[in-house]
6 protein chains.
Amino acid sequence: MRLTAICPILGVGFHAEVEKETAAWIPPDVESEVRSVGYGVESIESEYDEVLCAPPILEQVKAAAADGTDGVFVSCFADPGVAAARERVDVPVVGGFEPSVLTALSLGERVGVVTVLPNVVPTIRASIRRHGLAERCPSVRVVDIPVLGLVDRSEMLQRLHEQARAAVDADEADVIVLGCTGMSGAAAELQERLAASGPSVPVLDPTGAAIGWLLHLARLGVSSSRTTYLPPPDKKRTRPGD
Amino acid sequence: MRLTAICPILGVGFHAEVEKETAAWIPPDVESEVRSVGYGVESIESEYDEVLCAPPILEQVKAAAADGTDGVFVSCFADPGVAAARERVDVPVVGGFEPSVLTALSLGERVGVVTVLPNVVPTIRASIRRHGLAERCPSVRVVDIPVLGLVDRSEMLQRLHEQARAAVDADEADVIVLGCTGMSGAAAELQERLAASGPSVPVLDPTGAAIGWLLHLARLGVSSSRTTYLPPPDKKRTRPGD
Amino acid sequence: MRLTAICPILGVGFHAEVEKETAAWIPPDVESEVRSVGYGVESIESEYDEVLCAPPILEQVKAAAADGTDGVFVSCFADPGVAAARERVDVPVVGGFEPSVLTALSLGERVGVVTVLPNVVPTIRASIRRHGLAERCPSVRVVDIPVLGLVDRSEMLQRLHEQARAAVDADEADVIVLGCTGMSGAAAELQERLAASGPSVPVLDPTGAAIGWLLHLARLGVSSSRTTYLPPPDKKRTRPGD
Amino acid sequence: MRLTAICPILGVGFHAEVEKETAAWIPPDVESEVRSVGYGVESIESEYDEVLCAPPILEQVKAAAADGTDGVFVSCFADPGVAAARERVDVPVVGGFEPSVLTALSLGERVGVVTVLPNVVPTIRASIRRHGLAERCPSVRVVDIPVLGLVDRSEMLQRLHEQARAAVDADEADVIVLGCTGMSGAAAELQERLAASGPSVPVLDPTGAAIGWLLHLARLGVSSSRTTYLPPPDKKRTRPGD
Amino acid sequence: MRLTAICPILGVGFHAEVEKETAAWIPPDVESEVRSVGYGVESIESEYDEVLCAPPILEQVKAAAADGTDGVFVSCFADPGVAAARERVDVPVVGGFEPSVLTALSLGERVGVVTVLPNVVPTIRASIRRHGLAERCPSVRVVDIPVLGLVDRSEMLQRLHEQARAAVDADEADVIVLGCTGMSGAAAELQERLAASGPSVPVLDPTGAAIGWLLHLARLGVSSSRTTYLPPPDKKRTRPGD
Amino acid sequence: MRLTAICPILGVGFHAEVEKETAAWIPPDVESEVRSVGYGVESIESEYDEVLCAPPILEQVKAAAADGTDGVFVSCFADPGVAAARERVDVPVVGGFEPSVLTALSLGERVGVVTVLPNVVPTIRASIRRHGLAERCPSVRVVDIPVLGLVDRSEMLQRLHEQARAAVDADEADVIVLGCTGMSGAAAELQERLAASGPSVPVLDPTGAAIGWLLHLARLGVSSSRTTYLPPPDKKRTRPGD
């Protein structure tokens with residue numbers, strides 16, 4: 001079995017990062033590969049970025065499927081291109097949002113997301129409504145650090161703890177979802193800090209949730225419904241310069 | 001005052017079509033222009049097409065704003081790129097979905113959409129949920145004709161009447177919204193046919209609703225909220241070949 | 001084309017006020033008239049007032065329709081008599097609530113209303129639920145000034161700014177709707193003040209939204225659905241003294 | 001203890017009818033009176049009728065309260081004037097809708113209303129949404145007989161059985177609410193017929209539910225909340241001819 | 001007519017308490033009896049307790065029905081065993097939650113529950129969602145006293161007033177429901193204290209609401225729907241030691 | 001790592017069945033055990049059965065946790081005792097409903113459940129509402145075969161196909177969830193039959209979904225939130241005969 005992670009942003013550094021994070025969650029008997037987009041954006045933190053990053057993500061998903069992958073993880077909490085990819089390939093495709101939020105719903109009553117910047121909060125809320133999950137997911141908070149600024153892990157963890165603690169104390173959240181795949185690696189430590197400062201509250205890492213979800217779907221032998229994700233009719237489609 | 005319509009699909013024929021449809025709805029004292037995408041897809045009838053058509057739409061929106069337009073209509077019922085465009089430009093930007101559905105909500109209790117193909121039904125339903133309007137918009141039906149097949153107006157009108165009639169008779173809809181900007185020109189006649197075969201039910205054309213919405217917002221002196229649509233931070237963003 | 005505004009409260013002063021406000025929003029090529037109720041209440045700020053003001057409003061709507069008006073605006077945020085009027089006349093009829101809230105939904109994620117007194121807050125919330133819009137309209141606040149006390153515009157504007165600022169800062173609202181047609185004239189200045197004290201947030205005036213909505217519907221050639229608003233059967237109906 | 005029923009429509013025949021129906025539900029140790037409106041409409045089967053019947057209902061409610069009644073039932077399923085009356089008097093006031101639907105919610109999963117004419121269906125649905133109960137009350141059907149035509153009880157019962165049976169068989173309803181106080185007296189027999197033609201399904205009579213509700217509230221010593229129903233400020237209020 | 005109250009917890013003291021509370025709400029012409037469980041738990045303040053208390057409650061309900069009772073009140077706000085009991089007996093069965101919350105919905109816009117411990121808050125919220133009432137019941141607060149600690153009535157009343165006052169002042173609640181049948185006797189005094197410290201807000205006692213509900217249903221001649229509560233098929237069912 | 005499946009019903013035959021089904025889904029490197037209840041019911045197909053089966057399930061869950069299990073699957077679609085068990089043990093506990101429905105939500109827009117008897121349909125719908133998932137899970141259908149009658153696999157599969165096909169064709173479902181753990185083994189074949197008679201629609205087996213969910217949670221290092229599932233306070237709790 002082989003899984004593919006798509007690094008949806010520019011920069012060799014991020015390719016390596018996604019490789020490291022993915023490796024941390026994939027079992028030893030499963031092969032994996034990381035494919036990076038050939039063009040697009042440096043980081044995804046607006047609807048504008050989501051639009052620009054999606055076409056090259058789809059190119060990578062299609063290439064991975066053509067090469068026989070068994071499942072694809074688009075490494076971004078905004079799930080960019082995920083619905084479109086499900087129309088085009090037969091293997092399961094997930095981003096970070098859906099697997100982590102659905103997993104969280106089984107662990108406590110209210111799910112709280114802590115993400116990077118105010119810019120993406122309306123999009124995350126819209127995504128929660130689009131998935132019909134607003135009744136259970138009332139809280140979206142931010143650490144107010146851009147994706148490319150998540151390098152200071154100590155600062156990030158402190159702010160994550162502040163926001164997650166505040167969400168739990170304000171009775172907004174019983175489970176915390178990290179709202180950016182760039183926060184990978186922080187879930188376990190945040191979970192420990194929360195347990196130290198109050199009752200145990202589970203924390204979900206979107207990369208871990210996504211990889212686990214693909215393994216879960218593979219074992220169940222299921223993939224995208226073809227009454228929701230119909231294969232797109234053939235037609236002329238061009239790129240700049242074509 | 002000057003408004004811009006974006007033709008989001010390939011082909012000089014469609015550029016002319018959008019020019020004609022737009023002209024039919026714009027008052028004589030308002031200038032207008034149509035800008036066509038330079039690359040992308042031949043028609044938009046899947047999530048996949050929506051992803052591919054959005055980047056060139058954004059290029060045209062930004063260019064129109066730079067040239068001093070007063071409002072932009074992206075001529076597609078899927079509102080592709082609209083949220084992203086609102087982040088990038090100060091003038092109002094609308095697609096076909098939001099203005100027609102919101103207008104319809106003031107005319108009757110339940111809004112029914114009649115669109116082209118089953119492929120786009122899940123996306124339209126997801127959009128209805130995303131906008132928090134599911135309680136009032138329970139019905140999405142199809143004429144089962146692809147966008148490029150809408151050339152036979154007589155066949156299209158007959159199927160529109162069948163589906164709209166069925167939605168009204170089944171108590172699913174009190175107002176009909178045409179779910180594709182390629183159906184422009186059919187609203188008035190469909191409204192007449194429905195009145196002839198039962199009680200009067202208003203029919204909304206997405207192009208007319210969108211142009212009217214832009215005029216409405218302009219007169220009110222309002223544009224997109226900057227707490228929902230925050231300007232995207234500067235960063236490296238590339239296109240294929242860059 | 002001719003539009004009619006109904007002044008739903010007693011007093012020649014208010015008749016003149018509605019004339020002034022309406023004139024500010026109607027384009028030069030559209031005729032307009034204001035009709036005042038012949039009896040009823042001095043101001044509308046309770047369910048009780050809404051009941052008492054509605055019959056004379058209906059009398060004026062019917063008279064205006066008989067005289068050939070092309071659309072009617074009932075100048076009150078509570079939309080008193082509006083649904084009933086739609087059953088009785090063929091031209092479009094709107095109050096202040098529906099056009100301003102539906103317009104607001106296209107400008108940002110969450111709509112916040114700022115109205116006059118606590119007395120009308122439950123009614124506005126009930127109206128939001130009745131329209132199926134609760135998921136997007138979580139905030140109703142008050143300036144705590146009765147309708148007849150809105151004469152001190154400087155005080156009113158200060159309190160409007162306080163409440164609107166608070167709603168935006170508490171993440172309850174991305175768009176502000178003025179919840180009383182007696183607040184007309186304040187929208188533009190409140191919008192400026194909000195932009196000066198934080199991110200740009202659009203502010204909607206209910207009179208402007210209503211007049212614009214009627215123009216919008218007229219251009220689209222649509223009016224109330226006859227499956228929602230069925231013409232009332234003929235029967236004996238009397239007034240006091242009949 | 002004394003309860004008041006308001007007959008909200010014109011005609012001495014109806015006054016006697018309300019007296020008879022009320023008497024059937026009031027215990028022997030409770031006094032009762034019926035007060036009829038002095039003007040208004042012959043029957044209530046549109047939003048238009050609801051507007052016109054409400055002011056004289058309020059006059060009767062206030063008079064009854066001044067005379068020391070302990071609770072008021074406005075004998076109409078549309079609850080006309082009920083919210084307004086709660087603002088004005090301290091004793092509980094109910095119509096037919098709220099008590100019967102809330103009672104029904106304790107007897108089965110889904111509540112189905114069967115009412116008179118298609119004209120009132122949108123209003124009943126709007127009322128269900130206004131009360132936040134749409135998730136449990138999906139079905140509103142009609143016997144298609146006007147209020148004044150409910151005199152042929154045998155025809156009415158047959159059509160009630162047809163519609164209630166259909167609602168239950170279509171899995172839309174587990175409890176039936178009679179959606180017009182003019183259907184009084186039919187509940188017990190309809191319940192028997194339903195039990196004879198399928199599983200036992202409770203049927204609620206709005207008059208019985210309302211009278212019982214007032215007795216229930218009286219025993220509990222509770223009345224309308226003053227944070228929802230605030231007393232209307234004093235002001236000039238006139239009637240035609242004043 | 002005879003009603004049965006089930007004391008769902010261990011201890012002769014509680015049997016006497018339920019007898020006293022029930023007697024306070026039952027009219028003189030109605031007989032009543034209290035039946036206590038033969039085994040189970042000392043108090044019900046977790047999902048775990050709810051599971052363990054339910055089987056002996058069902059035994060008592062069945063025995064009471066066999067003895068010809070006309071209605072059963074399970075004296076616990078969690079409604080333990082109530083849905084199951086409705087499947088097994090023909091007379092109405094209620095707990096404390098459903099009658100008090102449904103009654104409250106007729107008295108004001110938003111219902112707030114004040115209960116004992118944080119342990120039961122998620123269950124009460126889940127019950128609100130299960131009943132489809134979340135839109136109207138946003139607030140669940142605690143006095144933070146265990147059921148067995150409710151003996152100091154003065155302390156309990158003070159904390160009830162603090163929490164109810166806070167809920168009303170924060171605009172979360174217009175009606176207060178006492179969220180534990182062990183708080184019986186406090187409703188009237190809490191209602192007085194709230195009226196003394198702010199606007200009148202009704203307070204509902206779950207025992208009073210439940211007894212009154214049974215009387216209400218009996219007068220209406222209705223009981224549980226057999227399309228929601230189907231009689232369980234016969235089969236082998238054993239207890240420990242069988 | 002070791003997982004425990006609880007057989008919640010009487011009979012050695014079912015113990016063996018659960019062992020077989022569980023073994024089919026557990027990876028070779030994970031140990032597993034099946035524990036059967038010592039008393040209770042022969043099958044679970046009513047709220048009544050759910051009440052009676054839950055106490056012995058909790059006994060087995062606690063015993064398994066004391067013996068060091070790493071996760072518990074209660075083999076019943078009704079999730080009996082699951083919330084209570086989460087309060088009492090630290091390892092994850094799941095039934096069949098939550099994992100299969102949450103997994104299904106990632107595969108298509110609308111989830112349809114096909115279960116055994118009409119008796120459990122209201123409970124499943126209530127569970128869907130309790131989980132806040134009604135907007136996405138509109139369809140619950142039955143094969144109309146009792147649990148103990150599921151022995152004729154060919155008949156069961158035919159009826160499953162009929163109901164699932166009907167749900168998909170009626171546009172009620174894009175993903176099918178088998179609503180009884182006694183239907184185990186049917187998912188793969190039903191999925192094939194559906195693909196043969198229409199578009200590919202995934203089918204979820206509740207046992208497979210539950211086992212996979214426990215593996216997923218274990219890899220993520222998360223368990224139940226202690227702000228939703230608080231440990232029950234110590235107190236006297238007795239069984240029959242104690």
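1. Strand 5 (residues 111–115) and strand 7 (residues 175–178) of chain A pair in the parallel sense over 4 bridges. Here helices (H or I, at least four residues) and strands (E, at least two) are DSSP runs numbered from the N terminus, and two strands pair if DSSP finds at least two bridges between them. Within this pairing, Val113(A) stands opposite Val177(A) in strand 7 of chain A. The structure is a predicted model, in which local features need pLDDT of at least 70 and side-chain atom pairs count only at pLDDT 80 or more, while totals for chains, interfaces and linings use all residues. Residues are numbered from 1 along each chain as its sequence is written, and chains are lettered from A and ligands numbered from 1 in the order in which they are written.

2. The open sheet to be considered next in chain A has 4 strands in the order 6-5-7-8, with parallel pairing. Strand 6 (139–142) and strand 8 (203–204) of chain A stand at its edges with a single partner strand each, so one side of each has no neighbour in the sheet.

3. Contact between them involves 17 residues of domain 1 and 22 residues of domain 2 of chain A, where two residues are in contact if their C-beta atoms, placed from the backbone, lie within 7 Å. On the side of domain 1 of chain A that touches domain 2, the largest share, 4 residues, comes from helix 8 (residues 206–220) of chain A. By class, that side of domain 1 of chain A has 7 nonpolar, 5 polar and 5 charged residues. In this classification Ala, Val, Leu, Ile, Met, Phe, Trp, Tyr, Cys and Pro count as nonpolar, Asp, Glu, Lys and Arg as charged, and the others, Gly among them, as polar.

4. In chain D, an open sheet of 4 strands has the order 2-1-3-4 with parallel pairing. Its edge strands are strand 2 (31–41) and strand 4 (93–94) of chain D, each of which pairs on one side only. Strand 1 (residues 2–9) and strand 2 of chain D run parallel and are joined by 7 bridges; Ile6(D) stands opposite Arg35(D) in strand 2 of chain D. Helix 2 (residues 47–66) of chain D packs on this sheet and touches strand 1, strand 2, strand 3 (72–74) and strand 4 of chain D. The direction of helix 2 makes about 140° with that of strand 2 of chain D; axes are lines fitted to C-alpha atoms, for helices over the stretch in contact, and angles run from 0 to 180 degrees between N-to-C directions.

5. Chain E shows how strands and a helix connect. Strand 5 (residues 111–115) and strand 6 (residues 139–142) of chain E run parallel and are joined by 4 bridges, with Val140(E) as the bridge partner of Val113(E). Together with helix 5 (residues 121–130) of chain E, these two strands make a right-handed β-α-β unit. A crossover is right-handed if, with the strands pointing away from the viewer, the path from the first strand over the helix to the second runs clockwise.

6. The contact between chains A and B takes 43 residues from chain B and 42 residues from chain A. The elements of chain B that give two or more residues to this side are strand 2 (31–41), helix 2 (47–66), helix 3 (82–88) and helix 5 (121–130). Helix 2 of chain B provides the largest share, 9 residues. The side of chain B that touches chain A has 19 nonpolar, 10 polar and 14 charged residues.

7. Chain B is superposed on chain A by a rotation of 180° with 0.0 Å of shift along its axis (RMSD 0.0 Å), using least squares on the C-alpha atoms of residues with pLDDT of at least 70 in both. The two copies are thus related as by a two-fold rotation axis. In chain B, the C-alpha nearest the axis is that of Arg130(B), 2.0 Å from it. The same surface serves both copies, as 98% of the contact residues of chain B recur in chain A.

8. For chains E and F, 43 residues of chain F are in contact with 42 residues of chain E. Chain C and chain F do not touch either, with their nearest C-alpha atoms 13 Å apart.
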